[in-house]
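Hi there,

Here is the structure I promised to pass on to you.

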Amino acid sequence: MRSGLVLLGLLAATAYIAGIYSDLGVWERIAKPAPALAMAAWVALHNGHRWIVIGLIFSALGDLLLHLGDAYFLAGMGAFFLAHLSYIRAFRSKPGLSALLFFALWGLVVYWLAWDQLGDFRAPVAAYIAIICLMMARASASGSVALTGALLFGLSDTLIAIDRWIWDVPQSGLLIIATYWAGQALIARWGAIRPTTR
């Protein structure tokens with residue numbers, strides 16, 4: 001069952017990446033959230049951390065909403081906001097001051113670069129950047145697997161911000177989805193070996 005979920009996730013990821021270069025229509029929409037859902041089920045079957053499972057489910061919802069187009073962009077951001085809150089709840093260790101300052105600087109630089117183009121998105125983007133930077137900071141105190149996963153997730157979202165509001169990123173679709181899924185896979189791996197304790 002567990003290996004089947006891994007295979008399902010890989011097949012869905014392959015189908016979605018193929019869809020970046022060719023229009024797969026509704027199948028692409030089905031493929032986009034499937035890897036996160038497969039990861040959520042995989043963590044659950046390992047009796048892993050429930051907040052990681054919840055975060056992956058919110059991520060799958062965000063995947064679907066963002067893929068539906070700009071009309072659902074804020075709703076997709078909201079789903080991922082809840083995913084990051086779930087991960088923050090899972091990463092219980094408190095980060096050091098240096099980590100907090102580093103990730104705050106990361107977020108401020110991205111926000112400053114995008115400021116002129118954000119328009120009505122300034123408030124929601126500010127809230128989203130704050131929550132993902134806090135998630136990365138919390139992950140930094142939770143071990144190398146959690147930190148690497150969170151960094152890749154943060155890099156993926158940074159690439160989205162750069163490509164949408166700052167300048168065009170070559171091969172942005174592939175880079176964004178590859179870093180996102182790699183980050184989620186590592187976060188799922190971290191959650192699978194940590195049962196919920198509180």
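Predicted model: local features only at pLDDT ≥ 70, side-chain atom pairs only at ≥ 80, totals over all residues.

The protein chain has 9 helices and 0 strands, so its pattern along the sequence reads α-α-α-α-α-α-α-α-α. Of its 198 residues, 45% are buried. Among contacts with a separation of 6 or more, 72% join residues 24 or more positions apart.

The pair α6 and α7

Two packed helices are described by the angle between their axes and the distance between the axes. For α6 (residues 97–118) and α7 (residues 122–140), the angle is about 160 degrees and the axes lie 9 Å apart. Angles over 145 degrees count as roughly antiparallel, and α6 and α7 are therefore roughly antiparallel to each other. Their crossing is right-handed. On the α6 side, the residues in contact include L100, F103, W106, V110 and W115; on the α7 side, they include V125, I129, L134 and M136. By class, the contact of α6 with α7 is made of 16 nonpolar, 2 polar and 2 charged residues. D116 of α6 and R122 of α7 also take part in this contact.

The pair α3 and α9

Helix α3 (residues 34–45) packs against helix α9 (residues 172–192) at an angle of about 10 degrees, with 9 Å between the axes. Because angles under 35 degrees count as roughly parallel, α3 is roughly parallel to α9. From α3, the residues P35, A36, M39, W42 and V43 meet α9. Their partners in α9 are Y180, W181, Q184, A185, A188, R189, G191 and A192. This contact divides into 10 nonpolar, 2 polar and 1 charged residues.

A closer look at α3

The buried residues of α3 are A34, P35, A36, A38, M39, A40, W42 and V43. An α-helix has 3.6 residues a turn, so residues three or four places apart point the same way. The length of α3 also checks out: at 1.5 Å a residue, its 12 residues should span 16 Å, and the end C-alpha atoms are 16 Å apart, which agrees. After α3 comes N47, with a positive phi near 55 degrees.

Best wishes

Conventions. Residues numbered from 1 in each chain as written. Heavy atoms only, no water. Axes fitted to C-alpha atoms, helices over the stretch in contact; angles between N-to-C directions. Helix = DSSP H or I, 4+ residues; strand = E, 2+ residues; numbered from the N terminus. Parallel < 35°, antiparallel > 145°, perpendicular 65-115°, else oblique. Left-handed = near helix turned anticlockwise from the far one by under 90°. Contact = heavy atoms within 4.5 Å. Nonpolar A, V, L, I, M, F, W, Y, C, P; charged D, E, K, R; others polar. Expected span 1.5 Å × (residues − 1). Buried < 20%, exposed > 50% of the residue type's maximum accessible area, 1.4 Å probe, protein only.
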